[in-house]
Structure formats: structure tokens, C-alpha cells
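Open the model in your viewer and keep the selection panel handy. We will go stop by stop.

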Amino acid sequence: MEDTLFILNGKETPFKPGQMILEAARNGGIEIPTLCYLKGAAPTGACRICLVEVKGARSLMAACSTPVSPGMEVFTDTEQVHKARKLNVELLLAAGRHNCLMCEANGNCRLQDLAYFYKITKLQFPEKELSDIYPVEDENPFIVRDFSRCILCGRCVQACNELVVNRAISQGYRGSESKIVTGGDQPYNNSECVFCGQCVEVCPTGALTEKKARGLGRAWETQKIRTTCPYCGVGCQQWLHIKDGRIVKVTAVEDAQPNQGRLCVKGRFAYDFIYSEDRLKTPLIREAEGGFREASWDEALDLVAEKFKEIIKKNGPDAIAGVSCARSINEDSYQMQKLFRAVIGTNNIDHCART
Ligand code: SF4
Ligand code: SF4
Ligand code: SF4
Ligand code: FES
């Protein structure tokens, strides 16, 4: 057999050197369930949901962290595999409190999907005592941490450390005391966390949820609309989750350029300005006697042009300076410097991102 082939469920399948079973299987059209696997981060093999049978191996192997070798025989759909995966789902469910009806992630939870797939209607292990679960952390404006729903998969830690490289959280304590912690086990708002929300984006359960979205709409009630973030010229791709014409939450578009599934705090959480009563919807002209009056764009732009001309005539073009907006696209910033250099005749042009 060629050294780029392995046997997947009895069929010769190609793989690339260094590829893990999970990735090679997915490329071959075979889906293996995962919980802790996070694309772009080093595999940890923490959840044991992706177990597969490998001929000759002493035990089942985690597909996400086992490299394929030439001629390897892998089985993803045997009774033994499903029995082990189901047992692991049951253990994860019992390690917390999973009352889905009251959970913000209901309908958007991989643990729930797996419990449904394996027809788990009753737990064969006692659930963790509520008194043994760390209390909910709800002290910041953006993220709710519910430790009763945390399966300690570690995806949030990997996202924070390896994808956005903020290094704000890590695995803390040991055994049944285990917890995802910030430095010094402080609440998020007393830590290095910059509230990019990447940890929320990757959390497969309801352990991390967007605070502002709570109660506003279930996953099946919202419509996803793709757009470009309005905050800066980078052009991050995002999904607006809409219910009844209003944004419920914002998430990143996975695999899309330039942000590849990442967003910053503004792009992810600061969308509610569009509903502000204080938002200006028309130009305002300051009256000589004080106060402002509403004006049309034509009137406002004519006034600005007239004032520019007056200043240039009296004091020369260098008496005028322009600061372009960092939220503008590159093309608009280019036009702005053209306006100042070629039309007004000054090099006094800058950009607010430098501040
Ligand atoms: S985290 Fe998932 S399984 Fe747990 S309660 Fe929420 S929806 Fe249910
Ligand atoms: S908070 Fe979410 S992503 Fe982080 S370990 Fe818990 S379940 Fe996994
Ligand atoms: S919000 Fe961002 S910085 Fe804060 S813990 Fe999550 S991933 Fe890390
Ligand atoms: S996805 Fe492979 S061990 Fe978690």
C-alpha cells in the first residue's frame, strides 16, 4: 500500500504526513464527534468523545490526537466505539448540572446534541452536588460563567492562549476541584481578560454565554446574517444573530478572512450603539445664539466648504487640519488625504488610530 494511505472503516483513504485521524477521516467524508478539539490549536485529547478503534492498539484512541500512519486500520463506527463515547457523555453530564430547559445554550450545545444522539434519558451516575460546584460568575458586562455547565474541555483556554494569544485563563486546581481560572483565580473583570469573547465563541456548552443575549432568543429563533464589522478598517467578518429585526448577539465567521473566526471586544459586544436614543441621524448646525439645529447634508457640507474657503483666504491652507476616522475603510482614508493635500493644499492630515 502507498505510504499516503490508511484503511478507514475498511476503505483505503488518503492522508497527509502528520495528519491526525480526525482530520484525515473528515477529509475522507467520515464525521467523528468532538468536544475538546479546536481547529488551529494543539490537540489535548481531554474529552475522549472522538474515540476510535485502531487495529492492534491496546485501547481505543482519541482521533483528534492520534497521528495516522501508513496502512493503519481505523474503525469509527463499531459497537465498542459508540459504547465508550456514550459512557463519556454520561460522565460529562454527571460531572455538572445540566438542566437544558433553563440553559442559555439550549439548542446550541454540543453536549446536548451528543446526549440526544446517544438517547441518554437517564443518568446512570449521580450528578455532582450543587454545593460542590463553583458559583456562577456574573460580575462583568459581557460574559456569564456558569461552572455547573463546564465540562473542563479546555477549549476556552486554548482559544485564549493559542488563537487570540491573550493568555488570560488556564486550568486551575486538581481533581474534582478543577476549574478554569484567570491569574489568581479572580473574576474576569479583575484579570488580564480583554473581553474579546473568543472563549465564549468556542465553548461547546452553556458554561460561557454572552450576557447581553440572555433571554433574547433561542438559537432556532434567530436568523444569521453575515456582515462586515463597522468598527475599523480591518473588515472582520461576523454573523449578526437577529430576532424580530434586532441583534441578539454577534459571533465571528469561522474560516473567513481576515479574522479567521476571531473578533475583538468592540466587534463582538459593542453593537448596541445602533439602538441608542442619542445616535445622530442627521447633521446638526451650531446656531450663532447657541444650541444646534437639524440640517440637510447639502446644507451642512456647503457650510463646511464655505468656512474652509474663508480660513484659507485669511490664514492659508496650513491653518486647516484633518483627522480621518479609524473606522473608515482604506479607500475613504485615501480620499480624505487627497482632499487635504490636493484640494485644500496642506499636509496636515492624520488618522485617529495613531492616538
Ligand atoms: S450546557 Fe448543554 S447539556 Fe448542559 S444544560 Fe446547557 S444545553 Fe443542556
Ligand atoms: S468554559 Fe466551556 S470551553 Fe471552557 S472548559 Fe468549560 S466547557 Fe470547555
Ligand atoms: S474574553 Fe478573550 S481574553 Fe478574556 S478569557 Fe475569553 S478569550 Fe481570554
Ligand atoms: S475531541 Fe478528541 S479527545 Fe476531545
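Select ligand 3 first. This is a predicted model, and 13 residues surround ligand 3 in it. Now pick out the closest ones: Cys-160, Cys-193, Cys-196, Gly-197 and Cys-199. Colour the shell around ligand 3 by class. You get 10 nonpolar residues, 3 polar ones and no charged ones.

Next, select ligand 2. Its shell also holds 13 residues. Cys-150, Cys-153, Gly-154, Cys-156 and Cys-203 are the closest to ligand 2. By class, the shell around ligand 2 has 10 nonpolar, 2 polar and 1 charged.

Which space does ligand 2 take? Ligand 2 takes the space of the largest cavity.

Now hide the ligands and look for empty space. Rolling a probe the size of a water molecule over the atoms shows where such space is left. How many cavities of 30 Å³ or more are there? The count is 4.

Stay with the largest cavity. It holds about 140 Å³ of space. Select its lining, which has 15 residues. Nearest the centre of the largest cavity lie Cys-150, Cys-156, Ile-180, Ala-207 and Leu-208. The lining divides into 12 nonpolar, 1 polar and 2 charged residues.

Finally, zoom out to the whole chain. Switch to cartoon view and find 8 helices and 16 strands. Last, colour by burial. Of the 355 residues in the chain, 41% are buried.

Technical notes. Residues are numbered from 1 along each chain as its sequence is written. Chains are lettered from A and ligands numbered from 1 in the order in which they are written. This is a predicted model: local features need pLDDT of at least 70, side-chain atom pairs count only at pLDDT 80 or more; totals for chains, interfaces and linings use all residues. Side-chain values use heavy atoms; hydrogens and water are left out. On a 1 Å grid over the protein atoms alone, a cavity is a set of points where a 1.4 Å probe fits but cannot get out, and a pocket is an open set with protein on both sides within 12 Å along at least five of seven lines; lining residues have an atom within 4 Å of a point. Grid points are joined across faces, edges and corners, and a volume is the space filled by probe spheres set on the points. Ala, Val, Leu, Ile, Met, Phe, Trp, Tyr, Cys and Pro count as nonpolar, Asp, Glu, Lys and Arg as charged, and the others, Gly among them, as polar. A residue is near a molecule or strand if one of its heavy atoms lies within 4 Å of it. A molecule sits in a cavity or pocket if more than half of its atoms lie within 2 Å of its grid points. Helices (H or I, at least four residues) and strands (E, at least two) are DSSP runs, numbered from the N terminus. Buried means under 20% relative accessible area, exposed over 50%, partly exposed in between (1.4 Å probe, protein chains only).
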